[in-house]
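Hi,

Here is the structure I promised to pass on. Have a look at it first, and then read my notes below.

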Amino acid sequence: MSELIVFPDVEALLVAHIKSELASKFHDTVSIATRSPKPTQANYVRLFVTGGARRSLAQDAPMVTVESYGPTEVAASRRAGNIRAIIHALDQIESVQFYTPEEGGRPVNLPDTATGRIRYTATYRIPYRGYA
């Protein structure tokens, strides 16, 4: 029988890590979650898995989309750039080993047509190791 490998909840790990890093390194205490807040706010980050695939027995590589909303294009773009830097600096979160991320698309100005809100969106492939 093959070894059973479990992959931790990458959304939960990334949300907590990015929230902590934004606060400590950029003094940004923005709300970060996997769902949009109700009622919608002008200033928040939404992070969610949009696909990906397992690379090997012990390595998963989810595609993660990050939407940075802000009151201005400058604020949303700056935050998206800060998150980009945090993602590219990933090493370990808790005891989970992360590997070199790849960009599926750099942060781009993509306004939310449903709400009219300012939004910068980026997608990353973020490989990480599971455990037995």
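**What I found**

E94 is found in the loop between β4 (92–93) and β5 (96–97). One thing to keep in mind as you read on is that this is a predicted model. Is E94 buried or exposed? E94 has a relative accessible area of 71%, and because the cut-off for exposed is over 50%, E94 counts as exposed.

With a relative accessibility of 71%, H27 is exposed.

The peptide bond running from K38 to P39 is cis, with omega near -5°. You will find P39 in the loop that links β1 (31–33) to β2.

Now for the inside. The largest nonpolar core has 23 residues, and the members that touch the most others in it are L14, I18, V66, I87, F98 and I126. At least two residues each come from α1 (10–26), β2 (44–54), β3 (59–70), α2 (73–88) and β7 (118–125). Which element gives the largest share of this core? That is α1, with 6 residues.

Leaving aside residues up to four places away in sequence, I126 touches L14, D60, A61, P62, V64, I87, L90, F98 and P101. Among these contacts, L14, I87 and F98 are also on the list of core members with the most neighbours in the core.

Then have a look at α2. This helix has 16 residues and spans 22 Å from its first C-alpha to its last, close to the 22 Å expected at 1.5 Å a residue. Its buried residues are A76, R79, A80, N82, I83, I86 and I87. Seen down the axis of α2, they fall within an arc of 160°, so they line one face of the helix. In general, an α-helix has 3.6 residues a turn, so residues three or four places apart point the same way. The elements covering the buried residues of α2 include α1, β2, β3, β6 (102–109) and β7. On the face of α2 turned away from the buried side sit the exposed residues V74 and R78.

Tell me what you make of it.

Cheers

Notes
Residues are numbered from 1 along each chain as its sequence is written. This is a predicted model: local features need pLDDT of at least 70, side-chain atom pairs count only at pLDDT 80 or more; totals for chains, interfaces and linings use all residues. Side-chain values use heavy atoms; hydrogens and water are left out. A nonpolar core is a set of buried Ala, Val, Leu, Ile, Met, Phe, Trp, Tyr and Cys residues joined through side-chain atoms within 4.5 Å. Buried means under 20% relative accessible area, exposed over 50%, partly exposed in between (1.4 Å probe, protein chains only). Helices (H or I, at least four residues) and strands (E, at least two) are DSSP runs, numbered from the N terminus. Contact means heavy atoms within 4.5 Å. The expected span of a helix is 1.5 Å times one less than its number of residues. The arc is that of the directions from the helix axis to the C-beta atoms.
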